[in-house]
Amino acid sequence: LLAARAGEGQESIELRSVADRIVFIDFAIRSIGERPLLGVGIGNFPWRTSYYIAETFYDLRGDNVHMVVLAVAAELGIVGLLLLLLALLSGVVAVVKGLRAAHPNDDRAARLALFAVFVALTAVGVLDHYPWTQLHFQVAWWGSLSAAMPRLSPEAATT
């Protein structure tokens, strides 16, 4: 499947998919150039692409760009992208610190598995938009990151 998505094979459906992805990446870059600071609004990128498509001869409908970073930058602008990256980085740092400081009675293996789910969904976000645009993938993405964070002891919560 990965070789087909990379254009290695001659599968016409996958070749169409790759061509569509290139078009929507171009539309995302164009949208970011038009509204770099605040973007077009969350969830509005497919609507914006329908305006771009109307100017072309492409047989397409408005859709999401298949890359989370570009989708966020197009919808929320550079401000939203920086906030997303800050949230992700903060979460990853908290998880890594928690895994390093794990106690023998801690549920370290479970938290490591949840962090692996987060990393896998982040990798999916390089080739698809699902972790950003679909609610159940959003819950899995953010939920696995937050569940992988260490629990605060009652003493640490009061200080």
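From the N terminus on, the elements of the chain run α-α-α-α-α-α-α-α. This is a predicted model, in which local features need pLDDT of at least 70 and side-chain atom pairs count only at pLDDT 80 or more, while totals for chains, interfaces and linings use all residues. Residues are numbered from 1 along each chain as its sequence is written, and side-chain values use heavy atoms, with hydrogens and water left out.

Me: How many helices and strands does the secondary structure of the chain come to?
Reply: Helices (H or I, at least four residues) and strands (E, at least two) are DSSP runs, numbered from the N terminus. Counted in this way, the secondary structure of the chain comes to 8 helices and 0 strands.

Me: Is helix 4 roughly parallel or roughly antiparallel to helix 5?
Reply: Helix 4 (residues 68-100) and helix 5 (residues 108-127) pack with their axes 12 Å apart and at an angle of about 160°. Axes are lines fitted to C-alpha atoms, for helices over the stretch in contact, and angles run from 0 to 180 degrees between N-to-C directions. Angles under 35 degrees count as roughly parallel, over 145 as roughly antiparallel, 65 to 115 as roughly perpendicular and the rest as oblique. Helix 4 is therefore, relative to helix 5, roughly antiparallel.

Me: Which residues of helix 5 make the contact with helix 4?
Reply: Contact means heavy atoms within 4.5 Å. On the side of helix 4, the contact is made by Val 68, Leu 88, Val 92, Val 95, Gly 98 and Leu 99. On the side of helix 5, the residues are Arg 108, Arg 111, Leu 112, Phe 115, Phe 118 and Gly 125.

Me: Does His 129 count as buried or exposed?
Reply: His 129 lies in the loop between helix 5 and helix 6 (130-133), and among the residues that His 129 touches, not counting those up to four places away in sequence, are Asp 63, His 66 and Val 68. Buried means under 20% relative accessible area, exposed over 50%, partly exposed in between (1.4 Å probe, protein chains only). Because its relative accessibility is 8%, His 129 counts as buried.

Me: How far apart in space are Asp 20 and Asp 63, C-alpha to C-alpha?
Reply: Asp 20 is found in helix 2 (residues 12-34), and at 19% relative accessibility Asp 20 counts as buried. Asp 20 and Asp 63 are 43 residues apart in sequence, and their C-alpha to C-alpha distance in space is 9.5 Å.
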